[in-house]
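Please look through the notes below with the model open beside you.

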Amino acid sequence: MTSKNDYVSYGPLPPNPYSATPQNVVVLPYYRPPPRNHTNHLLRQCLCYAAAFLFFSAAAYFLYPSDPTLQLARVHLNRVRVNSSPYLTLDLSFSLTVKVYNRDFFSLNYDSLVVSVGYRGRELGFVRSAGGRIRARGSSYVNATLDLNGFEVIHDVFYLLEDLARGVIPFDTDTKIEGNLGLLLFNIPLKARASCEVYVNTSNQTVVRKDCYPE
């Protein structure tokens with residue numbers, strides 16, 4: 001039994017299980033996404049435009065039609081003779097081989113190949129070959145023989161006598177071709193021309209030199 005002067009200790013009351021559970025609220029700062037890198041975006045656009053430009057430029061370069069190239073691959077002198085009686089005439093015979101190269105990626109149809117021979121800028125005669133077809137990026141060799149008998153030399157008599165005295169006669173050859181290129185549903189006309197200077201030795205009946213240049 002205790003007296004009124006004695007100290008009595010009491011323990012704390014247990015928490016009420018039915019009391020409301022306290023809620024904690026966390027406030028986050030506003031998140032702002034980083035700005036886009038406009039430099040990289042513009043760089044990608046420039047690269048795409050450059051690639052497209054190069055692609056179309058290459059396509060135009062390969063598909064754009066080009067004229068064929070001509071080359072006098074071989075020239076052989078069969079005979080050359082100058083007759084002085086009853087007047088000054090010229091007998092001449094050439095065998096020629098012309099190389100035709102189609103630079104396009106489509107086949108080429110040509111109507112004819114014309115080779116003419118002249119002297120001092122005047123045409124002496126010409127020969128015409130039949131037409132043909134050249135495959136894409138291909139070549140074709142056309143043979144032609146020009147025979148000229150009894151051609152009367154009137155305007156260039158003095159030049160011809162001077163060349164005979166030197167033993168070398170210069171002749172001009174002019175080669176022309178015309179045709180069309182089969183591009184899908186279209187026919188595009190094409191033509192080419194090449195000229196050569198052929199120097200003939202009258203003593204041994206041979207070709208001394210030939211100088212050719214395209215036109």
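1. The lining of the largest pocket is made up of five nonpolar, five polar and eight charged residues. Here Ala, Val, Leu, Ile, Met, Phe, Trp, Tyr, Cys and Pro count as nonpolar, Asp, Glu, Lys and Arg as charged, and the others, Gly among them, as polar.

2. This is a predicted model, in which local features need pLDDT of at least 70, side-chain atom pairs count only at pLDDT 80 or more, and totals for chains, interfaces and linings use all residues. Residues are numbered from 1 along each chain as its sequence is written, and side-chain values use heavy atoms, with hydrogens and water left out.

3. The largest pocket has a volume of about 250 Å³. A pocket is an open set of points on a 1 Å grid over the protein atoms alone, where a 1.4 Å probe fits, with protein on both sides within 12 Å along at least five of seven lines; lining residues have an atom within 4 Å of a point. The volume is the space filled by probe spheres set on the points, which are joined across faces, edges and corners. Of the 18 lining residues, Ser-116, Asp-172, Thr-173, Asp-174 and Arg-193 are the closest to the centre of the largest pocket.

4. Which strands each supply at least two residues of this lining? They are E3 (108–119), E4 (122–129), E7 (168–183) and E8 (186–201). Strands (E) are DSSP runs of at least two residues, numbered from the N terminus.

5. Ser-116 lies in strand E3. Is Ser-116 buried or exposed? Ser-116 is buried, because its relative accessible area is 9% (buried means under 20%, with a 1.4 Å probe and protein chains only). Leaving aside residues up to four places away in sequence, Ser-116 touches Glu-123, Gly-125, Phe-126, Asp-172, Thr-173 and Asp-174 (contact means heavy atoms within 4.5 Å).

6. The second largest pocket holds about 180 Å³ of space. Among its 13 lining residues, Pro-68, Lys-191, Ala-192, Arg-193 and Glu-215 are the closest to its centre. By class, this lining has five nonpolar, one polar and seven charged residues.

7. Three strands form an open sheet in the order E1-E2-E6, with antiparallel pairing (two strands pair if DSSP finds at least two bridges between them). E1 and E6 (139–152) stand at the edges, each with a single partner strand, so one side of each has no neighbour in the sheet. E1 is joined to E2 (residues 89–101) by 13 bridges, and Arg-79 stands opposite Ser-93 in E2.

Conventions: Helix = DSSP H or I, 4+ residues; strand = E, 2+ residues; numbered from the N terminus. Buried < 20%, exposed > 50% of the residue type's maximum accessible area, 1.4 Å probe, protein only.
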